[in-house]
Amino acid sequence: MAFSDLKPVTAGDDKTGCTYIIGDVFAVYKMGLPTPVVYSWDMIKSASVSRREIVLTTDKDSFRISYKMFSTVEDELRAIANIECRQKEYGFSYQHEKRLFPLKSMYYECSPGKDTYTGEGLLDEAETAAAFIMLLNFRLMKFLWLVALLIALVTFGVLNFTVGITRDNILYFIPISVVSGAIAALIINIVAHAIARGRFKSLADGDLASRQPITFVVSKLGFAACESCVYQGRDLVPWEEADYFIESDKMFIIYKNNSAVAYIPKRAFDKKFIGGIADIIALNLEQK
Amino acid sequence: MSADIKTDTIDLNGKSVLLVSVKNGEGLIGTCTAGHADHSGNRSNITRLFYIGSEPVIDIICPSYGNKSADKLVSFCPGFQGYDRKVYEIITGCLNRLNSGDSLAVGLRDIFSMLQDGVYKLYISDYYPTDGNGVFFWGGYNISHEVRGTAEHNRTIGDDKVYKPCFLVPTMPLDGFNNKVLVHTEEQVQGRRIEGIVYHISGFHSALLKGHHGSVSCVEKDVPFKCAVIEKITDPYTETVVPAAKPASEEGAEEEKPAPVENHEGITGFRSPSVKIPLEAFPKDMLRLIVGGKTEYKPEHFQTIIAKLGTVRRKAVTNNILPLPVLEKAEQMPDSSMVESAYAIKSLSDEELNCLLAGDVEHNGEVIVSPNFYSSIVTACNFLQFTDTKRFVDFAIAIMENPELGATHDYVSRRVCALETNKKLYGFFKSVVDSGDAKYEKILLTAKTFVDRFEKAG
């Protein structure tokens, strides 16, 4: 199991007086009871991690652990990591918000080996939003020129239908059509950018990790992009877990099932290592 | 920060259990996970290490993603060579204190401070100084191999029963064996209360922290190898509670429905191989320590341990040879199959054995050993071999004489072969060899080997 040394996390509910411990077992100290109710993870039927709370469900009960009950954000992240690792081991159902980084259940523990590059840093909002836009452009550019051409033709047709083309006005109509196509393409682009930025904002807001220092690791055996307070130095996502990657001027974006699983900013590493990192990724994944 | 050590004795069904809790322990002795594909290359294998100080001692490969019902592949690492004098002297001092009359809690106190955080059970138990498969434990793990009896959950015994680990894994490399030391320990073992200190690792196997030479002397002198056992309590267990049935009234007897099965909310308690402790029976602070702690974790000096893992000892091939009688006696000691069977079965009456011989797996409507006939014969043989040699020989001969139980002949003959000096067996095998009867076809080779060996031994 990866993250095998994650310390158990305690959360206290001031309203009910309950104390929850999420670790090798899930324990609930209820107010007034001398002995806790302890659940092994095979007794957990489902877990869900939302923007506000963690919900663990057993056969008879459902426990809502709000993030306010944890004393620090690090504790929240450790609790989520504990749950994700147990989910891999025990296979209970798990619902979660979209993530910027791989789930802990994707990792396995190993010695990263000699050719390992490690970096650390916060995920920069502007950089990541730019990456989102770049990805959007990557998809949009394929048909944006087509849209512009279509709009130009439609405009030309509308002008012909309403005004009628003559030798005198055709020299005006062609530039008007081309410009209207270009303006339409520009508007689409601006709207798409706004959507991309909004999507990133929404993703970042839903992921606690977006505001935490992240440890980035690239090695021959796999990669890691994990909150530094959780990362233990020996956990990697094997390359087989990913499908392909895209490289922008500022980031490597790793994909699985056509959705990004990790954003690895080049800024997190020493400049002289970027070539080596790119080589390792390219050796293990297809570039798109 | 110094370790916070507390000892407590709890009462479990009239038996007292000595528990010790360690908080802020130094983590100089213990087990930890060491990744998946480090050695085996197989990602489904999880590697665990038992270490002492900064030295890796035992490499335990847990197949099938650490499946607790699977036996482990065990191999000896560089081992504890005593370079860490502090650790060495503490362990030696503890054994001396135990033998000078100190209780377990007092005598082992210095070792507790070197353990990982957690709750441990302490007790004294006899150990067989073998690997559980007839090989003397010291030098028995040089090559990584699957060791029977190392699974945490033993399939033969089942999850609901407890058992006492009784086989050993060395912590000192065989290079450390010295005939001169043996001269001293041969005298010492006769008068000792405790011969060794062991730390439980997995299933039936514990690591011998101290007492390697003593174990050799004990086998030579036929002295039971009594050890102080340190066993970590980590595994959650759940038991289904069936409420006691109310006495049925005469009128309502027919309407009485079977008592409903009541499920305890959450787990029942925590266990180690030899004890199951309900949550309610734990002292509060100890329970909190288990619930809020880790089963095992990497020590701060983990990187040093890992770095030493690949080192090869200069004297990897030792010229030190264990005394031959010790190796021979180890072969005769009970193996893990026998011990498992002894824990799995309480008793076997003659009527039940007769039923098995008749090919039935049930007696008076109840399963004797297992619904599987072959498994029943195997387990019954092992149980009898462990508990009553005479009945075992009679049962084995009865099986081998019955051609309808031919599927079990080979296994039974190989097991019974271990009793090399048994005259009754000699008589039977001699008749098998002489008769040339086709019904003995499967055991003929074993019979010949047995007869030859018996006659050579005179």
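What percentage of the 458 residues in chain B is made up of buried residues? Buried residues account for 43% of them, where buried means 20 or more other C-beta atoms within 10 Å of a residue's own, exposed means 12 or fewer, partly exposed is in between, and C-beta atoms are placed from the backbone. This is a predicted model, in which local features need pLDDT of at least 70, side-chain atom pairs count only at pLDDT 80 or more, and totals for chains, interfaces and linings use all residues. As for labels, residues are numbered from 1 along each chain as its sequence is written, while chains are lettered from A and ligands numbered from 1 in the order in which they are written.

**Chain A overall**

- The mean pLDDT (the predictor's confidence in each residue, from 0 to 100) of chain A is 89, and 100% of its residues score at least 70.
- Among the elements of chain A, helix α2 (residues 125-162) has the lowest mean pLDDT, 82, while strand β4 (residues 37-39) has the highest, 96.
- Chain A has four helices and 17 strands; these are DSSP runs numbered from the N terminus, with H or I over at least four residues for helices and E over at least two for strands.
- Chain A is more spread out than a compact globule, because its radius of gyration is 25 Å, well over the 19 Å that the globule rule gives for 288 residues. That radius is taken over C-alpha atoms, and the rule is 2.2 Å times the number of residues to the power 0.38.
- Its C-alpha trace spans about 95 × 50 × 30 Å along the principal axes, and 37% of the 288 residues are buried.

**A glycine in chain A**

- G181(A) sits in helix α3 (residues 170-206) of chain A and counts as buried because it has 21 C-beta neighbours inside 10 Å.
- The C-alpha atoms of G181(A) and A152(A) are 4.4 Å apart, although 29 residues separate the two along the chain.
- Leaving out neighbours within four places in sequence, G181(A) is in contact (C-beta atoms, placed from the backbone, within 7 Å) with A148(A), L149(A), I151(A), A152(A) and T155(A).

**Chain B overall**

- Chain B comes with 16 helices and 17 strands.
- For 458 residues a compact globule would have a radius of gyration near 23 Å, and the 24 Å of chain B agrees with that.
- Its C-alpha atoms fill a box of roughly 75 × 70 × 50 Å along the principal axes.
- Of the contacts in chain B with a separation of 6 or more, 68% are between residues 24 or more positions apart.

**A helix pair in chain B**

- Helix α10 (residues 336-344) and helix α12 (residues 373-387) of chain B have axes that come within 7 Å and cross at roughly 95°, so α10(B) and α12(B) are roughly perpendicular, a label for angles of 65 to 115 degrees.
- The residues of this contact split into six nonpolar, six polar and no charged.
- On the α10(B) side the residues include M338(B) and V339(B), and on the α12(B) side F383(B) and F386(B) are among them.

**Between the chains**

**Positive phi in chain B**

- S64(B), not a glycine, has a positive phi of about 55°; it is found in helix α1 (residues 63-66) of chain B and is exposed, with 11 C-beta neighbours inside 10 Å.
- N364(B) is not a glycine either and has a positive phi of about 55°; it lies in the loop between β16 (362-363) and β17 (366-367) of chain B, exposed with 8 other C-beta atoms within 10 Å.

Terms used:
Two residues are in contact if their C-beta atoms, placed from the backbone, lie within 7 Å. Axes are lines fitted to C-alpha atoms, for helices over the stretch in contact, and angles run from 0 to 180 degrees between N-to-C directions. Angles under 35 degrees count as roughly parallel, over 145 as roughly antiparallel, 65 to 115 as roughly perpendicular and the rest as oblique. Ala, Val, Leu, Ile, Met, Phe, Trp, Tyr, Cys and Pro count as nonpolar, Asp, Glu, Lys and Arg as charged, and the others, Gly among them, as polar.
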